[in-house]
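Hi everyone, thanks for coming. I'd like to walk you through one model today, so let me put it on the screen.

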Amino acid sequence: MNDTAQEKPAPTLTTLPSDDLRQIMWRFAGRYELQMLVQSVRAVARGPVARLVASGGRNSHEWTADKASLLPHFDESGITAAFLDPEQGGFIEGPKNLALALIAFELSWVDAGAATSSLAGHLGLAPIHERGTPEQRAQYVANAAPLKPGENRRQVRAAFALTEPIPFVGVETGMLAGKVRVAEWKEGREPLLQVDKRGRFITNMGFANVVTAAVESDDARLKGSCMVILQEGDPGLWDRGTPTKKLVHQLSSTNDPVFNLKVPASRIVGGYTVKDGVIIPNYSHAEIIEAVFRRTRVTVGLMTAAKLLSAVEPVILYHRRRFRGGQGAPGTPRYELGIQQKQDALHRLVDIWATGEASASLGFETARLFDQLDPLEKEKDRILTEKKLTGRAAFKELSKAQAEALQLLNTHQPLEAPLVKFAQLDSLANVLCPACKLWNTGHGANMMREAVSLMGGYGLTEDCPGFIGQKWMDAQLEATYEGPEAVQRLQLSITMTNELFLAQFNQWIADLKRIASDRPGTGACALGTAMKLWFWTLQHVQNANDADGVKLYHKTRQGVTFPLADALCWLLAARQFILDVIELETKGAENPALADGLGGTTAFFTDLCHVQAARAAGEVGRICAETVHGYNRHPAWDESSRRACYGAEELTALEGIIPGIAGTARAYSDVLEPGQAQPLKAGPCVKCEGLEGFVALRAKLDTCLTGCRLAKDRAAESLTKVMTREALDYPA
Ligand SMILES: Cc1cc2nc3c(=O)[nH]c(=O)nc-3n(C[C@H](O)[C@H](O)[C@H](O)COP(=O)(O)OP(=O)(O)OC[C@H]3O[C@@H](n4cnc5c(N)ncnc54)[C@H](O)[C@@H]3O)c2cc1C
């Protein structure tokens, strides 16, 4: 036997990724309570939720008894209580961002409307959870816990009311029509408030009995804006309004409610103080929604990630069986592979899978980041309170911590002090949260369309296995609610320029270069170069003007800031996917029980990483090139512009093919009028003057793509061999 014959064949993907592998990648292998939660949520998702979808439960706008029957399932499976602390009736100690992310993921694997229904309850309570007084938490959050046997109380079911009828609150959250006035304020007694709020598209409103509503003062005796807690039974008007005629997430309830209620001032979320006869809420509505959304948006990002990954198996099953029963017997490629004989169908599924992985990686990383940040944020608040620092003074203290964090990072020293660590993680969270909401849902919705197209006509029916058509539409809602893409891009355009974030970003580039030398197959090299290109571009646009001398990086110039925000998201998602695959490879190897399929899965995932890194690099290259060159005016077609188009190397190469070409411009008659031919000189490119660094990086980026299509071919081949179940584990 020669050497080649003795070589072991490269491991290949045998089965779809198991829970064991997912627990390692998404870092909950050591958290048994989360593993149990995943199993019980999955039983609800693939049981009652799936049966309701399959039996047409989505075909109505109203909140029906069938839809309501899911609530007890949420209660019994731990979904409702997962949001609560143990003293409030919950079962998870400490931060719960990862837990809620896993719930959203599991439910959305089948139906994101069901996920929304459960999560909107948490969203309704989140203002109280994040900023409420201890009394408010005890009364409302604790009463959201499912009833224990023998208990006799009304379980709180909450809704969150920010959005208002047009022309008021939508993307612009400051334009509040909802008003609050002092209705009655007797000497020495608590003031009574009159709250007048109309909502638009309010989730859970078909059944909620508590609403947290954003309102603005319409009374000189009350300052600014706030959120107030409204309760069914408060004196006045509690009108749930008409159901929204949604095309999406029909298993959740959405209405346009109308409230005009009298409530005690103690319902102001987070409490208030009284100064000179004026009620001053401790938190404005903007401060509260900021604290709430930055966490809840992460779970939304995971809903779309789940959809993409859930589409893989139904598409494989459909493609393989497409031609069975006609010509071709078992064992023939036509019978065994069906549409999988066609490369394009395989390549497109590889893209969908890679996107799903990258978005799940980004989403779960962000959820874990918030789990780290939550206790630090509490500690930060405690320290600031202890030092009696508020407003500008608190801001100054945090700026000091930010500067210290930057200095420590730049000198590669550990960040240990709580305020410094907080500053570091906060700068990341401020980028990762909008990034995962934006990219996972926005690009995810585009990729769901690809999944629909791979199912042919079936993709557009209710009978489509895996409910892929509905999931495509649903993904668009995920891109819209809790702030559409424009909101996330706006936020990123500010947070991504934070020096502290950029210092960490630059360290990641160096890390990727190291990864590239150990694991070139991941595409880390292309990704690192793309990150450099993005950083170069960001710095350039922050200092450059367009052809008319107008500043490029400005908040009104969304044509510059928004695409760069999009580009960053591609990078972050691809990077996190690579890190998760490395985690799988290293930690998985420590567990002998996983030995069997691990090598094949990591090899396959490595190829998917490469595919995704290359796609990200391409997208980033395009966006950066359009941004860097696109705001310069094209020079006239004179001698200098000819130099601009053909550099010395290019001319020499052309000369080798068409002798004499370098001395004449005749060959460029498409550019020059006949008779205009002049000697052509090689020289520096005028269009690129001052941009040489960019041009060099961009050229390098192209060569970094080496091998990415071979990786795609390998991944596609794996799709033809991987074992699947005979049928999905939920009905169609
Ligand atoms: C099914 C469903 C459930 C919902 N549940 C809730 C809920 O429970 N509670 C709640 O309060 N709200 C809820 N919403 C409302 C949702 O959050 C809003 O629809 C969303 O935030 C966008 O507001 P809008 O529809 O008014 O869009 P608009 O404000 O009208 O914006 C429309 C579009 O204009 C563009 N645009 C707007 N402003 C800018 C800008 N500054 N820069 C660039 N482009 C811009 C963007 O493309 C944007 O998508 C729900 C919505 C739906 C559909």
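W26 is buried, at 3% relative accessible area; buried here means under 20%, exposed over 50%, and partly exposed in between, with a 1.4 Å probe and protein chains only. F105 is buried too, with a relative accessibility of 3%. Before going on, a word on the source: this is a predicted model, in which local features need pLDDT of at least 70, side-chain atom pairs count only at pLDDT 80 or more, and totals for chains, interfaces and linings use all residues. Residues are numbered from 1 along each chain as its sequence is written, and side-chain values use heavy atoms, with hydrogens and water left out.

Back to our two rings. Aromatic pairs are rings of Phe, Tyr and Trp (its six-membered ring) with centres within 6.5 Å; planes under 30 degrees apart are stacked, over 60 edge-to-face, and the rest tilted. The count by this rule is 18 aromatic pairs. W26 and F105 make one that is edge-to-face, with 5.2 Å centre to centre and 65° between the planes. What does this pair tie together? W26 sits in the loop between α2 (19–25) and α3 (32–54), and F105 in helix α6 (residues 97–108), so the pair links parts that are 79 residues apart in sequence. The helices are DSSP runs of H or I, at least four residues long, numbered from the N terminus. One aromatic cluster takes in W26, F105, W109 and F364.

F105 turns up again in the largest nonpolar core, which has 187 residues: F105, L107, W353, F505, W534 and L564 touch the most other members. A nonpolar core, by the way, is a set of buried Ala, Val, Leu, Ile, Met, Phe, Trp, Tyr and Cys residues joined through side-chain atoms within 4.5 Å. Helix α9 (residues 285–321) supplies the largest share of this core, 18 residues. Apart from it there is another core of 23 residues, including A159, A161, L222 and C226. As for L564, its contacts (heavy atoms within 4.5 Å) include M496, W534, T537 and Y553, leaving aside residues up to four places away in sequence.

On a 1 Å grid over the protein atoms alone, a cavity is a set of points where a 1.4 Å probe fits but cannot get out, while a pocket is an open set with protein on both sides within 12 Å along at least five of seven lines; lining residues have an atom within 4 Å of a point. Volumes are the space filled by probe spheres set on the points.

How many cavities of 30 Å³ or more are there? The count comes to two. Of its 19 lining residues, T80, S118, G121, H122 and R157 are the closest to the centre. Helix α7 gives the most to that lining, with five residues. The second largest cavity, of about 40 Å³, is lined by D351, T355, H443, M447, W570, Q612 and R615.

Last stop, the second largest pocket, with a volume of about 500 Å³. It has 27 lining residues, and P17, R22, R46, W109 and R725 are the closest to its centre. Helix α9 gives the largest share of this lining, four residues.

Technical notes:
Helices (H or I, at least four residues) and strands (E, at least two) are DSSP runs, numbered from the N terminus.
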